[in-house]
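This report is an introduction for a reader who is meeting the structure for the first time. Please look over the sequence and the model before reading on.

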Amino acid sequence: MTILLVDDDDDDRDVFQEAASVVVPGVKCIVAKDGEQGLSQLKTLAELPDYIFLDVNMPKMDGKEFLKLIKEHPVFKGIPVIIYSTSNHTSELGNYFKMGASNFITKPSEFDLLLTYLKTVLK
C-alpha cells in the first residue's frame, strides 16, 4: 500500500508515518509539505498512491485548492482523499465532501486514537 501525506507540520508527518507503519506493515508513505509539492510528487510517481491524506491549512497551496485540482485531473481523480486536519469546522465538512473528499479525520492528540482511525480507514 502506498500513501501520499500532504502536511506542512514535520511532527504530524512523523507521527502519521509511524502510525501508518504500525497499522499497515510495509506501507510506503510519501510525504509532501504543501499542495504544490504534493502535486509535483503525484506527477512523478511511477505508481499512484492508494490514498492521499491531506491537511487543510498549508502555505503555498492549501488543501482545498489541492483537492480541487486532484478531483479535476483525469488520472488522479479516482484516488481517495482523506482530509486530515486539526481544524474540525463542521461547516466546512460538506464542502470537502462535495469537492470529492472520501473522509475527514481530525488530527488526534493521542497516538492510539490515530491508530484506531487509520485501522478504520485503511482496512
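Predicted model: local features only at pLDDT ≥ 70, side-chain atom pairs only at ≥ 80, totals over all residues.

Angles between axes count as roughly parallel under 35 degrees, as roughly antiparallel over 145 degrees and as roughly perpendicular from 65 to 115 degrees, and the rest count as oblique.

## Helix 1 and helix 5

The axes of helix 1 and helix 5, the latter covering residues 111–122, come within 9 Å and cross at roughly 55 degrees. Helix 1 and helix 5 are therefore oblique to each other, and their crossing is right-handed.

On the side of helix 1, the contact is made by Val 15, Phe 16, Glu 18, Ala 19, Ala 20, Val 22 and Val 23, while helix 5 contributes Phe 111, Leu 114, Leu 115, Leu 118, Lys 119 and Leu 122. Sorted by class, this contact of helix 1 with helix 5 comprises 11 nonpolar residues, two charged residues and no polar ones.

## Helix 2 and helix 3

The second pair consists of helix 2, which runs over residues 35–44, and helix 3, which runs over residues 63–72; their axes come within 9 Å and cross at roughly 25 degrees. Helix 2 and helix 3 are therefore roughly parallel to each other, and helix 2 passes helix 3 in a right-handed crossing.

Where these helices meet, Gly 35, Gly 38, Leu 39 and Leu 42 belong to helix 2, and Phe 66, Leu 69 and Ile 70 belong to helix 3. By class, the contact of helix 2 with helix 3 has five nonpolar residues and two polar ones, with no charged residues.

## The chain as a whole

Both pairs belong to a chain that has five helices and five strands, and when the chain is read along its sequence these elements follow the pattern β-α-β-α-β-α-β-α-β-α. The radius of gyration of the chain is 13 Å, close to the 14 Å that the globule rule gives for 123 residues, so the chain is as compact as a globular protein of that length.

Along its principal axes, the C-alpha trace of the chain spans about 35 × 35 × 25 Å. Buried residues make up 43% of the 123 residues. Among the contacts in the chain with a separation of 6 or more, 66% are between residues 24 or more positions apart.

Leu 5 has its place in strand 1, which covers residues 2–6, and it counts as buried because its relative accessibility is 0%. Not counting residues up to four places away in sequence, Leu 5 touches Arg 13, Phe 16, Cys 29, Ile 30, Val 31, Ala 32, Phe 53 and Tyr 84.

Beyond residues up to four places away in sequence, Val 6 touches Ala 32, Asp 34, Gly 35, Gly 38, Ile 52, Phe 53, Leu 54, Asp 55, Met 58 and Phe 66. Val 6 and Leu 39 are 33 residues apart in sequence, and their C-alpha atoms are 9.3 Å apart in space.

Asp 55 is found in the loop between strand 3, residues 51–54, and helix 3. Leaving aside neighbours within four places in sequence, Asp 55 is in contact with Val 6, Asp 7, Asp 8, Gly 63, Tyr 84, Ser 85 and Lys 107.

Lys 60 also lies in the loop between strand 3 and helix 3, but at 65% relative accessibility Lys 60 counts as exposed. Although Lys 60 is not a glycine, it has a positive phi of about 65 degrees.

## Asp 12 and Lys 107

Asp 12 has its place in helix 1, residues 10–23, and is partly exposed, with a relative accessible area of 24%. Not counting residues up to four places away in sequence, Asp 12 touches Asp 7 and Lys 107. Asp 12 and Lys 107 are 95 residues apart in sequence, while in space they are 8.4 Å apart from C-alpha to C-alpha. Lys 107 is also one of the residues in contact with Asp 55.

Note on methods
Residues numbered from 1 in each chain as written. Heavy atoms only, no water. Axes fitted to C-alpha atoms, helices over the stretch in contact; angles between N-to-C directions. Helix = DSSP H or I, 4+ residues; strand = E, 2+ residues; numbered from the N terminus. Left-handed = near helix turned anticlockwise from the far one by under 90°. Contact = heavy atoms within 4.5 Å. Nonpolar A, V, L, I, M, F, W, Y, C, P; charged D, E, K, R; others polar. Rg over C-alpha atoms; globule rule 2.2 N^0.38 Å. Buried < 20%, exposed > 50% of the residue type's maximum accessible area, 1.4 Å probe, protein only.
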